[in-house]
Amino acid sequence: MDDLERELRDLAAWLEPAGSPDVTARVRARLAEPAPRRRWRYGLAAALAVLLVVALPPGRAALADAVAGLLRFAGVVVDTSSTPPPPGCAPSPLPGQRPVTLVEAQRQVRFPIRVPARLGAPERVLVADPDDAGGHRVASLLYRGGALRLDAFDGALDPVFHKQAAGADVTFTQVRGDFAIWVGGPHALAYVDRGGTVRVATARLSAATLIWQHAGVSYRLEGDLGRDEAIGIAGSLG
């Protein structure tokens, strides 16, 4: 597999444009056909160019302006096409949510909990959504009186959070050289339970958020902070 094909496969893993033709499937079918290397390489390059036009428009255009549908990454579904629910409803906590110490939280989740060096020890720690064996799905570290929140979860397989970000500044960025998503502004956030249902009762207005993965764990950092500050905090994760 050369670099061009690897890029296309990586891109297909997180991009799901709603209503778009299945370009990836066509490219893979094309690759299965016997053909001279030059011919399939040109075809693959053209398909990749089409995907990049959809995903990476020129300038600082937001993803919301480029993809009229869903973006799935790191256990978070970002919906840039639907309208958020009206404000005013008090959100419910995540299923089974309860406060614990940082040491207790580490025993109750099945992934390592890392603390950003730039923030230090959290003021409060929450765990939520335990399974039948008592393993919790989400650990949350709270700072600045709860105004800054770092959620950690294993979002590699199933969605955990659903964001309705129509009109928000949704852009691509990087954390330590790895792909990340920045949602720069208020947007609706709801929890997706283990059965895949979006729990509307948990929906709340979320602040600006950075989404990334590190060492197999997914993170969302939310609060009143700019993109550069958020990236700096994410990069200081221990």
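**View 1. E222 and R220 pair up through their side chains.** In this predicted model, the side chains of E222 and R220 meet in a salt bridge, 3.0 Å from N to O. A salt bridge here is a side-chain nitrogen of Lys or Arg within 4 Å of a carboxyl oxygen of Asp or Glu. Both E222 and R220 are buried, where buried means under 20% relative accessible area, exposed means over 50%, and partly exposed is in between (1.4 Å probe, protein chains only). Side chains of opposite charge can pair when their charged atoms come close.

**View 2. E222 also reaches R204.** The closest N and O atoms of this second salt bridge are 2.8 Å apart. E222 sits in strand β14 and R204 in strand β12 (residues 198-206), so the pair ties together parts that are 18 residues apart in sequence. Strands are DSSP runs of E with at least two residues, helices are runs of H or I with at least four, and both are numbered from the N terminus. The relative accessible area of E222 is 8%, while R204, at 25%, counts as partly exposed.

**View 3. Strand β14 is covered on both faces.** How many of the residues of β14 are buried? The count is 6 of 6, so to speak a mostly covered strand. On one side sit V217, Y219 and L221, and on the other S218, R220 and E222.

View 4. Two strands pair if DSSP finds at least two bridges between them. β7 and β14 run antiparallel and are joined by 5 bridges; here R149 has E222 as its bridge partner. β13 and β14 are also antiparallel, with 6 bridges, and W212 stands opposite Y219 of β14. These two strands, β13 and β14, form a hairpin with 2 residues between them, and A215 in the turn has a positive phi of about 55°.

**View 5. The largest nonpolar core gathers 28 residues.** Such a core is a set of buried Ala, Val, Leu, Ile, Met, Phe, Trp, Tyr and Cys residues joined through side-chain atoms within 4.5 Å. Those with the most contacts inside it are F111, I113, L150, L210, W212, Y219 and L221. Elements giving two or more residues to this core include β7 (148-153), β13 (209-214), β14 (217-222) and α6 (227-235). A second, separate core has 19 residues, among them L94, A128, F153 and V170. In soluble globular proteins, nonpolar side chains tend to be buried together.

**View 6. L221 and its neighbours.** Which residues does L221 touch, leaving out those up to four places away in sequence? They are L148, R149, L150, A208, T209, L210, W212, A230 and I233. A contact means heavy atoms within 4.5 Å.

**View 7. D193 meets R199 in another salt bridge.** Their closest N and O atoms are 3.9 Å apart. D193 is buried at 17% relative accessible area, whereas R199 is partly exposed at 35%. A search of the whole structure turns up 9 salt bridges.

**Notes for all views.** Residues are numbered from 1 along each chain as its sequence is written, and side-chain values use heavy atoms, without hydrogens or water. As this is a predicted model, local features need pLDDT of at least 70 and side-chain atom pairs count only at pLDDT 80 or more, while totals for chains, interfaces and linings use all residues.
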